[in-house]
Amino acid sequence: MSYKILIAEDDAGLNEGIRLALKQNDIVFVPAYTLQEAWEFFEAEHPKMVLLDINFPDGNGFDFLWRMRQVSDIPVLVITANDMELDEVKGLTLGADDYITKPFSLMALRARVENIRRRTAKTGAFLYEKNGCRFDFERLDFRVNGQEITLSAAEQKLLRLFVTHPGQTLQRNVLVEHIWIDGMEYVDENALSVTVSRLRRKLEIKGKDSPIGTVYGIGYVWNM
């Protein structure tokens with residue numbers, strides 16, 4: 001199966017140069033030169049990774065990253081001429097997996113992409129099916145009693161932690177550390193409670209208790 005990478009870069013020459021530098025038999029590249037194109041291709045092509053520039057004629061890549069992180073947890077490598085530390089912190093806080101500034105060597109870019117692929121390959125594919133729930137974490141297809149539900153990136157991470165640790169009490173601080181890996185100092189203390197509440201509503205099955213139980217003063221447990 002091919003590994004699809006979306007290259008969102010408005011410089012056509014650099015976009016093509018990145019493609020040539022990363023060219024491998026198992027990789028398919030989808031070039032986008034505007035954010036509108038990038039979003040359309042992201043929704044239609046279902047890439048496994050996004051290489052994302054920040055400055056576009058039709059918008060800001062950080063806004064694209066924020067929007068994408070509401071629905072997907074696929075790896076994102078930010079590529080930009082913005083070399084200020086605040087920009088890097090912002091990108092990582094919004095959920096970027098890595099950040100590289102222009103000008104950069106194509107060898108360094110290739111090494112970063114391969115590192116991300118190796119790291120995510122360990123946790124990519126996983127299918128959970130039980131009691132009317134079907135969660136395909138590789139295809140990002142989540143269904144309850146056959147009805148598709150849309151999960152934010154944080155909700156996907158939380159759900160995966162729950163279903164891979166059934167019956168185990170997961171402490172609040174452990175969940176926060178796993179869900180908001182980057183920029184934890186910016187996470188409001190109520191963020192976990194809000195995320196759990198939203199996930200509970202989306203997993204609701206009439207006549208049944210929520211599979212997410214609360215262990216008061218400690219954390220949560222998956223009861224399914």
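Predicted model: local features only at pLDDT ≥ 70, side-chain atom pairs only at ≥ 80, totals over all residues.
Two strands are said to pair if DSSP finds at least two bridges between them.

**Confidence of the model**

The protein chain has a mean pLDDT of 84, and 91% of its residues reach 70 or more. Over residues 182–186, however, the pLDDT is below 50. Beyond near neighbours in sequence, this stretch has 8 contacts in the model.

Five strands form an open sheet in the order 2-1-3-6-7, with parallel pairing. Its edges are strand 2 (27–32) and strand 7 (98–101), each of which pairs on one side only. On average, and with direction ignored, neighbouring strands of this sheet are turned by 20° against each other. Within the sheet, strand 1 (residues 3–8) pairs with strand 3 (residues 49–52) in the parallel sense over 4 bridges. Helix 3 (residues 61–69) packs on the sheet, where it touches strand 3 and strand 6 (76–80). The direction of helix 3 makes about 160° with that of strand 3.

**The antiparallel sheet and its helices**

A further open sheet has 3 strands in the order 12-14-13, and its pairing is antiparallel. Strand 12 (170–171) and strand 13 (212–215) each have a single partner strand, so one side of each is left without a neighbour in the sheet. Strand 13 is joined to strand 14 (residues 219–222) by 4 bridges, and Ile-212 has Trp-222 in strand 14 as its bridge partner. Helix 6 packs on this sheet and touches strand 12, strand 13 and strand 14; its direction makes about 65° with that of strand 14. Helix 8 lies across strand 13 and strand 14 and runs at about 145° to strand 13.

How do helix 6 and helix 8 stand to each other, and at what angle do their axes cross? The axes of helix 6 (residues 153–163) and helix 8 (residues 191–202) come within 10 Å and cross at roughly 75°. Angles of 65 to 115 degrees count as roughly perpendicular, and the two helices are therefore roughly perpendicular to each other. In their contact, Ala-154, Glu-155, Leu-158, Leu-159 and Phe-162 of helix 6 meet residues of helix 8 including Leu-192, Val-196 and Leu-199.

| Strand pair | Sense | Bridges | A bridge pair |
|---|---|---|---|
| Strand 13 and strand 14 | antiparallel | 4 bridges | Ile-212 and Trp-222 |
| Strand 8 and strand 9 | antiparallel | 4 bridges | Glu-129 and Arg-134 |

Strand 8 and strand 9 form a hairpin with 2 residues between the strands, in which Asn-131 takes a positive phi near 50°. Gly-132 also lies in the loop between strand 8 (127–130) and strand 9 (133–136). Is Gly-132 buried, exposed or partly exposed? Its relative accessible area is 38%; buried means under 20% and exposed over 50%, so Gly-132 is partly exposed. Leaving aside residues up to four places away in sequence, Gly-132 touches Arg-143, Val-144, Asn-145 and Gly-146. From Phe-64, Gly-132 is 68 residues apart in sequence and 33 Å apart in space, C-alpha to C-alpha.

Key:
Residues numbered from 1 in each chain as written. Heavy atoms only, no water. Buried < 20%, exposed > 50% of the residue type's maximum accessible area, 1.4 Å probe, protein only. Contact = heavy atoms within 4.5 Å. Axes fitted to C-alpha atoms, helices over the stretch in contact; angles between N-to-C directions. Parallel < 35°, antiparallel > 145°, perpendicular 65-115°, else oblique. pLDDT = per-residue confidence, 0-100.
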